[in-house]
Protein chains: 2
Amino acid sequence: MPTIVVEVMPKAVLLDPQGKAVTGALHRLGNTTISEVRIGKRFELTVEGPVDETLLAEVRAYADDMFSNSVIEDVVSITVLDPSTGSATEAA
Amino acid sequence: MPTIVVEVMPKAVLLDPQGKAVTGALHRLGNTTISEVRIGKRFELTVEGPVDETLLAEVRAYADDMFSNSVIEDVVSITVLDPSTGSATEAA
C-alpha cells in the first residue's frame, strides 16, 4: 500500500523553543558543529488503493488546513512512497 | 550550510493516539481512501562546515539516544541535504 508523507516545520522566522532546548543540550554535550536544531512533524498517511491527482489535491488541502497551522508552520514536502517499487515521488 | 534531517516515527506495533485522532477526523470529513495516519517528528540540524563520517556517527548516536525514545519510537531516516548542490543523501 502506498504511503504519503507530509512534512511540516515551524516557520524560519519563528523561535522554536523545543529545537532551542535541543540545540542547548547538544552544545552542553560539547558539540560545536551543529548550530541550530528545529523540530517539526512528519505525517505518514497509509493509502488504500492507488494515489491519483484527486487524492493528492485532497492531501494538499488537508496538509494546509489540518496538518499545519499556516500562521506558524510551513508544509515543507509531500512525498509519495510506493513500497512495491521502492520509489519516492515529490508531490508538492 | 548543509542540513541533516533526522526522522523519528512511533513504532508500528504501538497505538499512536494523535494519529488515531487525525484518522478519525479525516473519516468524519468523508475520506475513505486514507486508512491510517501516524504522526512522528522531523529534526532539522543546521551544520557549520562540512558533513563528515565523524559528525554522522555523532548524529546517529544523538538520534538514538536523544531525539528518539527507543522503547516507543524508531529513527526512520537520517538524510544529508546539501543546499549548494541540491542533493539529498541517505545516511542511515
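1. Basis. Local features in this predicted model need pLDDT of at least 70, side-chain atom pairs count only at pLDDT 80 or more, and totals for chains, interfaces and linings use all residues. Residues are numbered from 1 along each chain as its sequence is written, chains are lettered from A in the order in which they are written, and side-chain values use heavy atoms, with hydrogens and water left out.

2. Total. Over all chains there are 14 salt bridges, each being a side-chain nitrogen of Lys or Arg within 4 Å of a carboxyl oxygen of Asp or Glu.

3. Arg38(B) and Glu36(B). These side chains form a salt bridge at 3.1 Å, N to O. Arg38(B) is buried at 10% relative accessible area, while Glu36(B) is partly exposed at 31% (buried: under 20%; exposed: over 50%; partly exposed: in between; 1.4 Å probe, protein chains only).

4. Lys41(B) and Glu73(B). A salt bridge of 3.6 Å, N to O, joins these side chains. Lys41(B) belongs to strand S2 (residues 34-47) of chain B and Glu73(B) to strand S3 (residues 73-82) of chain B, so the pair ties together parts 32 residues apart in sequence. Strands here are DSSP runs (E, at least two residues), numbered from the N terminus. Lys41(B) is partly exposed, at 26%, and Glu73(B) is buried, at 16%.

5. Arg42(B) and Glu44(B). The closest N and O atoms of this salt bridge are 2.7 Å apart. Arg42(B) is buried, with a relative accessible area of 8%. Shared partners link Glu7(A), Arg42(A), Glu44(A), Glu7(B), Arg42(B) and Glu44(B) into one network of salt bridges.

Notes
Helices (H or I, at least four residues) and strands (E, at least two) are DSSP runs, numbered from the N terminus.
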